[in-house]
Amino acid sequence: MLVFLCRSSWLTVVGVLLAGIISGLSSAALVALINSTLSNTLDAELLPWLFVGLSIAVLSSGFLSNYLLNRLSAQIVCDLRIQISRLILAAPYPYLQKLGKSALLAHLTEDISVIANASQLLPLVCINFAVVAGCMTYLSWLSWHLALVLAGVIVFGVLSSSLFREWPKKAVLKAREEYDVLNSDFRALTEGVRELKLHRQRSDAFMAQSLAASAEAYRRYSFRGAVAYLLVNQWAQLLYFLVIGVILYVFPVWQVIDQKVIGGYTLVFLFMMSPLSILTTSLPVFSRAKVSLQKVRQLGEQLKNQAIQADAPDKREVCTNFSGLSLQGVTHSFHREKENRNFTLGPIDLDFKSGELVFLVGGNGSGKTTLAMLLIGLYTPEQGGIRWNGEAVDDGNKEDYLQNFSVIFSDFYLFDELYGFDNEKNHVLIADYLQRLHLHHKVRVENGRFSSVNLSQGQRKRLALLVAYLEDRPFYVFDEWAADQDPEFKHLFYTELLPALKARGKTVLVISHDDRYFYLADRCIKLEEGQIVAMEKPATAGKQSIQIS
Ligand SMILES: Nc1ncnc2c1ncn2[C@@H]1O[C@H](COP(=O)(O)OP(=O)(O)OP(=O)(O)O)[C@@H](O)[C@H]1O
């Protein structure tokens, strides 16, 4: 943890350590002073001033240490969150799909919070460590015989407690793994709450077999870790009491140590009790933080390795002179684990030109979305290649290539704010689109925000269409956009909105099952089991030549 903080700002960490050490030593000196006051070994006139000076030193250095480390840890946690989010944005989409939303969320929330908690505890640990070190120095000054005994006990305590440490570490690691499972169950619970409420047996089985089971496993491992650390703590306290007992009751019998020294020792020991207990109870927090740091670091490394090595970003965000897009022998495959076989799309050869309206049709699972994902650059072809205006698309220009598409996915996400647009400039345009999409009675855009996104699914899709219009890209892809629209708006979409986009020179790829509108397309591409089985200009309305399965 300290190494991690040092990497971020070693200067602040040195400042924290120095302030912590000053605070700790001043605390120890304060105890020494109190002991001297009680045993009348110092000049009485000086004592109040020394007391005031040391108290100020303890308070101010403690404050400085806490302030510096809190500032550093807050900054680190903030940087970590932003850095991981940026890495997620830079990673290839299939890799993120493989990692899964739950795991990514667990890293962004749980791991970073655990690290934040531990780093906030660090000033307290530094100060208390310095208090203990200062007290030990004072004890050695009081009697080196006793200090030697104490050092022996401490070495024994550290060595013996290290025997216990592997057990809690393993338990903490297991608990963190179980947290991923639990988090994925929480997602299933929140996203599937309607389905669960409507089916008691499903809900009971889900709770018993999945959520309660993972919550129980998480409880078991974290409890195991906590108990193990408790044992380490108890063991340290046992040794501590043993030493006090020996000093109080055994040494006086042997008469080897002065009674005043024994009094001083006892006072310091009692004073050290709370700092020592803070140090030992902080152990589990740091242990959890170590596991979380490892997890975040691993994720960071993996995301960095996966990040698309793009050339310097091209500020020409949208290419306005689109002339042609071609897919040449592209393939993409998925492994179907349960069936132990692959789904392979392609090899696909396709060309699109400017101002074309193309329908992509086919049965469920035939590969329409996969083809669209390849075409827009979110999936990378395993074989073959893509050319945009004749130029090959590769890792160097992939990020720019993505900026040519405006896509509404079937499971689209609607941001409640119009990020990345000049909303002042678009004010009139937005009002016009809201009217055309029959949403002007429902939604307003105020300061770049939709007044509401709590709308019906069909209305939310219309808002997504508004955003797509504002993007004004050369290539549009709609994945079953019309599926949630009422017949009237569906008709408007196919017969007016799509032809209007085409008339503006946009190329539009529409994934659809609405065969009564296929006749509007310039071309209909039909997929079956990942292969193109038909590609033709459909017949006029009512005489469709392509039958969808
Ligand atoms: N992330 C994934 N991991 C594994 N297999 C996948 C994944 N996405 C899709 N597949 C598989 O690829 C095949 C094609 O899926 P795709 O979503 O492209 O079909 P589709 O034609 O769009 O279907 P639908 O009409 O149901 O939307 C399916 O068999 C599906 O199981």
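**Notebook: a look through the fold**

I started with the element count: the chain has 14 helices and 12 strands. A reminder to myself that this is a predicted model.

Next I looked up the overall dimensions. Along the principal axes, the C-alpha atoms fill a box of roughly 115 × 50 × 45 Å. I then checked the radius of gyration, which is 34 Å for the chain, whereas a compact globule of 549 residues would have one near 24 Å.

How much of the chain is buried? I found that buried residues make up 31% of the 549 residues. I also looked at contacts with a separation of 6 or more, and 77% of these join residues 24 or more positions apart.

Then I turned to a sheet. Here four strands run in the order β2-β1-β4-β5, and I noted that the sheet is open and its pairing antiparallel. Which strands stand at the edges? They are β2 (341–353) and β5 (391–392). Each has a single partner strand, so one side of each is left without a neighbour in the sheet.

I followed one pairing along its length. Strand β1, residues 324–336, pairs with β2 in the antiparallel sense over 10 bridges. Within this pair I picked out L327, which stands opposite L350 in β2.

What packs on this sheet? I found helix α10, residues 368–376, touching β1 and β2. I also noted the angle: the direction of α10 makes about 130° with that of β1.

Note on methods:
Residues numbered from 1 in each chain as written. Predicted model: local features only at pLDDT ≥ 70, side-chain atom pairs only at ≥ 80, totals over all residues. Helix = DSSP H or I, 4+ residues; strand = E, 2+ residues; numbered from the N terminus. Rg over C-alpha atoms; globule rule 2.2 N^0.38 Å. Buried ≥ 20, exposed ≤ 12 C-beta atoms within 10 Å, placed from the backbone. Contact = placed C-beta atoms within 7 Å. Pairing = 2+ DSSP bridges. Axes fitted to C-alpha atoms, helices over the stretch in contact; angles between N-to-C directions.
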